[in-house]
Amino acid sequence: MARKTIGERLSQLEAQRKTLQIRLSKQERAIDTRRKVLIGALVLHRLENDRDVQFAGGIAEWLRRELPKFLTRDGDRDLFDDLLKPQLHEPSRGNIGNVGNVGNGSAV
């Protein structure tokens, strides 16, 4: 069996390095995505279930203020329509912070 030349071994090692780098990048993206999903789930959970209406309302107001600047695609904005355009007459994630304003004629 013939031995590989140094150049062949280096090429093989470079290919292995590239393969490992791709795997590492995929792993890092998966971790990043998981973190984003968990943070988003926490925020949505607090908006839907938090009994501290002032706290949840603060999150909702912050999202209404910050999301339009952050979201660049119409399709992405559509995903958050319930938060960006709250309904006046039903407590929801979008208007949970404005529960005190419902029924008194004040605008959201």
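**The core, the pocket and the surface**

A: The largest nonpolar core is made up of seven residues in all: Leu 47, Ile 59, Ala 60, Leu 63, Leu 67, Leu 71 and Leu 83. A nonpolar core is a set of buried Ala, Val, Leu, Ile, Met, Phe, Trp, Tyr and Cys residues joined through side-chain atoms within 4.5 Å.

Q: Which helix gives the most to this core?
A: Helix 2 (residues 53–70) does, with four residues. Helices (H or I, at least four residues) and strands (E, at least two) are DSSP runs, numbered from the N terminus.

Q: What kind of model is this, and how are residues numbered?
A: The model is predicted: local features need pLDDT of at least 70, side-chain atom pairs count only at pLDDT 80 or more, and totals for chains, interfaces and linings use all residues. Residues are numbered from 1 along each chain as its sequence is written, and side-chain values use heavy atoms, with hydrogens and water left out.

Q: How many helices and strands are there in the chain?
A: The chain has four helices and zero strands, and its pattern along the sequence reads α-α-α-α.

Q: What share of the chain counts as buried?
A: Of its 108 residues, 15% count as buried. Buried means under 20% relative accessible area, exposed over 50%, and partly exposed in between (1.4 Å probe, protein chains only).

Q: Changing topic, what is the volume of the largest pocket?
A: Its volume is about 600 Å³. On a 1 Å grid over the protein atoms alone, a pocket is an open set of points where a 1.4 Å probe fits, with protein on both sides within 12 Å along at least five of seven lines; lining residues have an atom within 4 Å of a point. Grid points are joined across faces, edges and corners, and a volume is the space filled by probe spheres set on the points.

Q: Which residues lie nearest its centre?
A: Lys 36, Gly 40, Leu 67, Phe 70 and Phe 80 do, out of 15 lining residues. Leu 67 is also named in the largest nonpolar core.

Q: Where does the largest share of that lining come from?
A: Helix 1 supplies it, with seven residues. Helix 1 and helix 2 each give at least two residues to the lining.

Q: And salt bridges, how many are found?
A: The whole structure holds eight salt bridges, each being a side-chain nitrogen of Lys or Arg within 4 Å of a carboxyl oxygen of Asp or Glu.

Q: What does Glu 14 pair with?
A: Glu 14 forms a salt bridge with Arg 17, with the closest N and O atoms 2.9 Å apart. About one helical turn separates the two, because they are three residues apart in helix 1. Glu 14 is partly exposed at 33% relative accessibility, and Arg 17 is partly exposed at 44%.

Q: Is Arg 64 buried or exposed?
A: Arg 64 is buried, with a relative accessible area of 13%. Its salt bridge with Glu 61 has closest N and O atoms 3.1 Å apart, and both residues lie in helix 2, three residues apart. Glu 61 is partly exposed, at 39%.

Q: What about Arg 65 and Glu 66?
A: Their side chains meet in a salt bridge (3.7 Å, N to O). Salt bridges that share partners join Arg 65, Glu 66 and Lys 69 into one network.
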